[in-house]
Amino acid sequence: MSHFSGVARVPGDPILGLIDAYRSDPNPQKLDLGVGVYKDPQGNTPILNSVKIAERYLVDSETSKSYIGGHGDPLFTQHLARLVMGADSALLNENRAGATQTPGGTGALRLAGDFIRYCLPGRGIWLSDPTWPIHETLFAAAGLKVSHYPYVDADNRLVFDAMLAALRQIPAGDVVLLHACCHNPSGFDLSQTQWRQVLEVVRERELLPLIDFAYQGFAEGLEADAWAVRLFAAELPEVLITSSCSKNFGLYRERTGALVVTCASADKLVDVRSQLAAIARNLWSTPPAHGAAVVAQILADESLKLVWQEEVQAMRVRIAQLRQGLLTALQPYGLAERFAHIGSQRGMFSYTGLSAEQVKRLRDEHSIYMVSTGRANVAGMDEQRLEYLAAAIAKVSA
Ligand code: PMP
């Protein structure tokens, strides 16, 4: 008897499939706008200098590979919590907020999902339509009922009124997932006025916000990007925040992130954290140490932190320049207006508004790779080839 004979094959991640197709494409002009990692002008995803400096120090000073605790490296969680909540956060000062280290932002999301499932039974979760595809599968895998609120329509516009109307219909107590900034996949973010309106509905409907904060530093800056997170944390009794160090520290494969929880009292935080440690024990036991030690090293050292802040700023500015550069390159084709949203969207991703058919033609005829939804990784663009890209977009848009 074969135990595995009934195991069916599932399709691979479409984005990973794109990487393979890109790799085997011999066209020297090829452009990878698919996979969601930052790239420098040479097309590499470099290790930040601040990270290299921290790593060198750690290699020499590390004395043990013993486990770190269930909530992770205390120096990391302490500094990361300040990065997210603010250096002078009242919630942290009052012990009403705490961070649990997780394997990346994905680990934080899964820990939040399991926490909701086990500690808040019966609560559903509401995701933006569209959202990062892993949100859909991850929360379903955690056993939650997944529903959606509208966010971007078929004409590639942020549909805020429809979003708000849908949020008003969500059953009290349910969880609403919000992207703190750099909405993935669309790049459309809420204005401060819109965030305040969402806050009021969340408060009225007694919803629990779960804020995915995977791109701190990539929209306006490290502090500015935390504005909505800190507003919600200050105004509401309880908030869940998932933080990732993958993009802003470039630590992708080191799997570094945290779940930050805020509570109405210091005592309740102790209860919640006891549950988180117990749940994490069944997921990954204790989190990986290296990336967290690097982040702790950087954030605890003022001069190294400065080096890092400048590196984050450089990544952010480069992405913004590529957005503007593409619009400039589209101008001769009379397309700057039509694609103006690319200039106002934020973060690495852009819902370009290109159809699946146009995306296919870009790949087949011009070796330009992006996700079939029309999502482009702006950081994958190359200033030297913006004109090539614009010419290709013009051809498939004709
Ligand atoms: N949330 C969003 C919206 C993301 O785009 C990502 C990364 N693609 C993550 C969470 C998780 O990132 P990681 O697990 O690599 O830290």
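Helices (H or I, at least four residues) and strands (E, at least two) are DSSP runs, numbered from the N terminus. The model on display is predicted: local features need pLDDT of at least 70, side-chain atom pairs count only at pLDDT 80 or more, and totals for chains, interfaces and linings use all residues. Residues are numbered from 1 along each chain as its sequence is written, and side-chain values use heavy atoms, with hydrogens and water left out.

**Stop 1**

A cis peptide bond with omega of about 20° joins asparagine 184 to proline 185.

**Stop 2**

Next, select aspartate 212, which places a polar side-chain atom 2.7 Å from a nitrogen atom of the ligand. Then select tyrosine 215: an N or O atom of its side chain is 2.6 Å from a ligand oxygen atom. Of the 390 Å² that the ligand exposes when taken alone, the protein buries 90% (Shrake-Rupley method with a 1.4 Å probe; for residues, only the protein chains shown count as cover).

Now display the shell of 13 residues around the ligand, of which the closest are Thr106, Asp212, Tyr215, Ser244 and Ser246; a residue is near if one of its heavy atoms lies within 4 Å. Helix α5 (residues 104-119) gives the most to this shell, four residues. Colouring the shell by class shows four nonpolar, six polar and three charged residues. Here Ala, Val, Leu, Ile, Met, Phe, Trp, Tyr, Cys and Pro count as nonpolar, Asp, Glu, Lys and Arg as charged, and the others, Gly among them, as polar.

**Stop 3: the largest pocket**

Zoom out to the largest pocket, in which the ligand sits (more than half of its atoms lie within 2 Å of the grid points). On a 1 Å grid over the protein atoms alone, a pocket is an open set with protein on both sides within 12 Å along at least five of seven lines, a cavity is a set of points where a 1.4 Å probe fits but cannot get out, and lining residues have an atom within 4 Å of a point.

The largest pocket has a volume of about 1000 Å³. Among its 38 lining residues, Ile15, Trp132, Ile134, Asn184 and Lys247 are the closest to its centre. Two or more lining residues come from each of α1 (14-23), α5, α6 (133-141) and β9 (349-351), and α6 has the largest share, five residues. The lining divides into 19 nonpolar, twelve polar and seven charged residues.

Proline 130 is in the loop between β3 (125-129) and α6. A cis peptide bond joins it to aspartate 129, with omega of about 5°.

**Stop 4: the cavities**

How many cavities of 30 Å³ or more does a search of the whole structure find? There are two; a volume is the space filled by probe spheres set on the points, which are joined across faces, edges and corners.

- The largest cavity has a volume of about 70 Å³. Select its lining residues, including Ser128, Tyr149, His183 and Trp195; by class the lining has seven nonpolar, three polar and one charged residues.
- The second largest cavity holds about 40 Å³ of space. Its lining includes Tyr38, Pro46, Lys247 and Met315, with five nonpolar, two polar and one charged residues by class.

Methods:
Polar contact = N/O pair within 3.5 Å; in protein donor to acceptor, adjacent residues only side chain to side chain.
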